[in-house]
Structures are given as structure tokens and as C-alpha cells.
Amino acid sequence: MWRPAAWKLEHVAAVGRLRLALADQYPQARWESERSIRRRWAGTGARVRYADAGLHFPDGSAVGIECELNVKAPHLYQGIAADQDPTWTAGVWWFTPPAQVDLLSRRLAEVGATRHRVFELPEGVAP
């Protein structure tokens with residue numbers, strides 16, 4: 001049985017609330033959990049960044065979903081930008097608290113994450 005570390009519970013809860021918000025906004029899209037993404041790549045030897053989730057649209061496009069409650073140090077975004085799942089044909093969507101949107105946008109731009117977009121967390125998602 002999977003049990004998150006205590007410090008991850010806030011993040012896990014926010015991802016769950018983000019999933020519900022995105023389901024309301026994109027009812028035809030299919031959610032792919034982080035665990036499903038990990039399973040899909042397990043044993044392949046591929047170097048792929050596991051995101052918090054993926055969102056797959058009826059037209060065949062998909063995005064990676066990241067819920068970033070706290071912006072990390074700049075160097076930590078290099079691997080995140082480089083190791084993108086190729087199924088995310090529409091890039092990666094980052095959701096962060098409003099006060100962090102500009103900072104996260106700059107951090108991603110600094111590492112060349114051109115297919116990454118940053119959005120404010122929908123109301124009610126942040127802890």
C-alpha cells in the first residue's frame with residue numbers, strides 16, 4: 001500500500017483538488033495520474049520526467065500537469081524542462097499560487113522550457 005510522506009500530504013491534496021478543477025474545465029479530457037505515468041515508463045530505460053499528472057484531450061493532444069506550491073531553486077528546473085514525456089504534445093501546464101506565477105515563469109524561461117506554460121492555481125486548490 002502506498003503511503004505518502006507527511007511533508008507530501010499538502011501537495012497530494014492540492015493535486016487532487018486541481019484534478020477536480022480541471023475535470024470541470026475540461027470534461028472530455030482524460031486524467032493520467034503520476035503513478036500511471038511511472039508505470040507506463042517503468043523498465044523502458046527512457047529518461048522521462050514524471051509529472052504530477054497528464055491530461056489527454058479527445059483530439060489526441062496531451063499536456064503534462066504540474067502543481068507547484070513552492071518554486072524551487074533555478075538549477076532544479078533544468079532536468080524538468082529537458083526530460084519531457086513525448087506524449088505531452090501540447091507541452092506542460094504548471095499551476096502555482098498567484099504570487100509565484102512570475103517567478104516560476106522566469107525560472108522556466110531561464111532553462112529554455114519554451115513549451116511550458118504557467119497558470120494561477122484555480123480558486124480553492126491551494127491549501
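Guide: Happy to. One term to begin with: contact means heavy atoms within 4.5 Å. This is a predicted model, where local features need pLDDT of at least 70, side-chain atom pairs count only at pLDDT 80 or more, and totals for chains, interfaces and linings use all residues. Residues are numbered from 1 along each chain as its sequence is written, and side-chain values use heavy atoms, leaving out hydrogens and water.

Visitor: Okay, which residues is isoleucine 65 in contact with, leaving aside neighbours within four places in sequence?

Guide: Isoleucine 65 then has contacts with Leu18, Leu22, Trp31, Ala51, Asp52, Ala53, Gly54, Leu55, Trp93 and Phe95.

Visitor: And which residues touch the most other members of the largest nonpolar core?

Guide: Leu55 and Ile65 do, in a core of 17 residues. A nonpolar core here is a set of buried Ala, Val, Leu, Ile, Met, Phe, Trp, Tyr and Cys residues joined through side-chain atoms within 4.5 Å. Buried means under 20% relative accessible area, exposed over 50%, and partly exposed in between, with a 1.4 Å probe and protein chains only.

Visitor: Which elements give two or more residues to this core?

Guide: Those are helix 1 (9-25), strand 2 (53-56), strand 3 (62-67) and strand 4 (92-96). Helix 1 provides the largest share, 4 residues. Helices (H or I, at least four residues) and strands (E, at least two) are DSSP runs, numbered from the N terminus. There is also a second, separate core of 16 residues, including Ile37, Tyr77, Val101 and Val118.

Visitor: Switching topic: in what order do the strands sit in the sheet?

Guide: The open sheet has 5 strands in the order 1-2-3-4-5, with mixed pairing. Two strands pair if DSSP finds at least two bridges between them. Strand 1 (30-33) and strand 5 (116-120) are the edge strands, each pairing on one side only.

Visitor: How many bridges join strand 4 and strand 5?

Guide: They pair in the parallel sense over 5 bridges. Valine 92, for one, has histidine 116 in strand 5 as its bridge partner.

Visitor: What about histidine 56, buried or exposed?

Guide: Histidine 56 lies in strand 2 and is buried, with a relative accessible area of 15%. Its side chain makes a polar contact with the side chain of glutamate 32 (2.8 Å). A polar contact is a pair of N or O atoms within 3.5 Å; within protein, one must be able to donate a hydrogen and the other to accept it, and residues adjacent in sequence count only if both atoms are side-chain atoms.
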